[in-house]
Structure formats: structure tokens, C-alpha cells
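The sequence and structure are shown first.

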Amino acid sequence: MFFAVRLQRGGPWDWSRDLREQDGFDEHARFMDALVDEGFIVLGGPIEGGREVLHAISASSEAEVRTRLAEDNWARNGMLTVKSVEQWTVLLDGRAD
């Protein structure tokens with residue numbers, strides 16, 4: 001099952017600094033890379049404007065999505081919060097098998 005997940009940056013996010021310069025970036029990057037390696041996050045990244053992030057996630061339920069994302073250091077400190085989780089019926093998929 002796929003989910004379209006929108007996250008919002010905020011809390012202690014330092015808007016004067018680049019993404020990779022934020023506090024705790026290395027830990028966050030390792031966590032996110034592991035989710036990609038596991039196939040949990042299929043696609044993801046910031047969307048125009050930089051205040052929100054959009055992920056395509058493969059999970060068994062919304063609860064799994066929320067539980068897994070809550071383990072991120074940026075979720076724990078309020079830098080990223082889940083704005084929405086929507087079940088997504090993917091009918092078109094141009095990714096190579």
C-alpha cells in the first residue's frame with residue numbers, strides 16, 4: 001500500500017541555514033537513507049518553497065507510517081512534523097522494475 005505523506009518544517013528549524021547545515025542533519029540523513037534502503041520511502045524530498053517535504057511511502061498502514069517517521073531525530077525535536085498521510089492508489093508507475 002502506498003501513502004502520500006506531507007511533512008512540515010518548523011520548530012527549531014533555522015531558516016538562515018541550508019538543509020545540510022541544520023542541527024542533527026547527519027543523524028537525520030542516516031535515518032532517512034535507511035528507510036529508503038528498506039523500501040519504506042520510495043520517493044521523497046522538499047517541494048517548492050522549502051517549508052514542506054513530500055514522500056511516497058510503502059507501508060501496511062497509516063499507523064506504521066506515523067510510527068516509523070516519529071523515530072526520526074528531526075521529528076522528535078519538532079523540526080519535521082507530519083502534516084498529512086493519505087492512502088494513494090498508484091495507477092501509473094514509470095519506474096523501471
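Glu27 and Arg76 form a salt bridge in which the closest N and O atoms lie 3.2 Å apart; a salt bridge is defined as a side-chain nitrogen of Lys or Arg within 4 Å of a carboxyl oxygen of Asp or Glu. This pair links distant parts of the chain, with Glu27 in helix 1 and Arg76 in helix 3, 49 residues apart. Helices (H or I, at least four residues) and strands (E, at least two) are DSSP runs numbered from the N terminus. Glu27 is partly exposed at 38% relative accessibility, while Arg76, at 55%, is exposed. Here buried denotes under 20% relative accessible area, exposed over 50%, and partly exposed the range in between (1.4 Å probe, protein chains only).

A salt bridge also joins Glu38 to Arg68, with 2.5 Å between the closest N and O atoms. Glu38 belongs to the loop between helix 1 and strand 2 and Arg68 to helix 2, 30 residues apart. Glu38 is exposed at 51% relative accessibility, whereas Arg68 is buried at 19%.

## Basis of the model

The model is predicted: local features require pLDDT of at least 70 and side-chain atom pairs pLDDT 80 or more, whereas totals for chains, interfaces and linings use all residues. Residues are numbered from 1 along each chain as its sequence is written, and side-chain values use heavy atoms, with hydrogens and water left out.

Four strands form an open sheet in the order 2-3-1-4 with antiparallel pairing, where pairing requires at least two DSSP bridges between two strands. Strand 2 (41–46) and strand 4 (80–88) are the edge strands, each pairing on one side only.

Strand 1 (residues 2–9) and strand 3 (residues 52–58) are joined by seven bridges. Within strand 3, Ala56 is the bridge partner of Ala4, and Glu52 stands opposite Gln8. Five bridges join strand 2 to strand 3, and Leu43 stands opposite Ala56. Five of the seven residues of strand 3 are buried, so this strand is largely enclosed by the rest of the structure.

Arg6 forms a salt bridge with Glu52, the closest N and O atoms being 2.7 Å apart. Since Arg6 lies in strand 1 and Glu52 in strand 3, the pair ties together parts that are 46 residues apart in sequence. Arg6, Glu52 and Lys83 are linked in a network of salt bridges.

## Helix 2

Val65, Arg68 and Leu69 are buried in helix 2 (residues 62–69).
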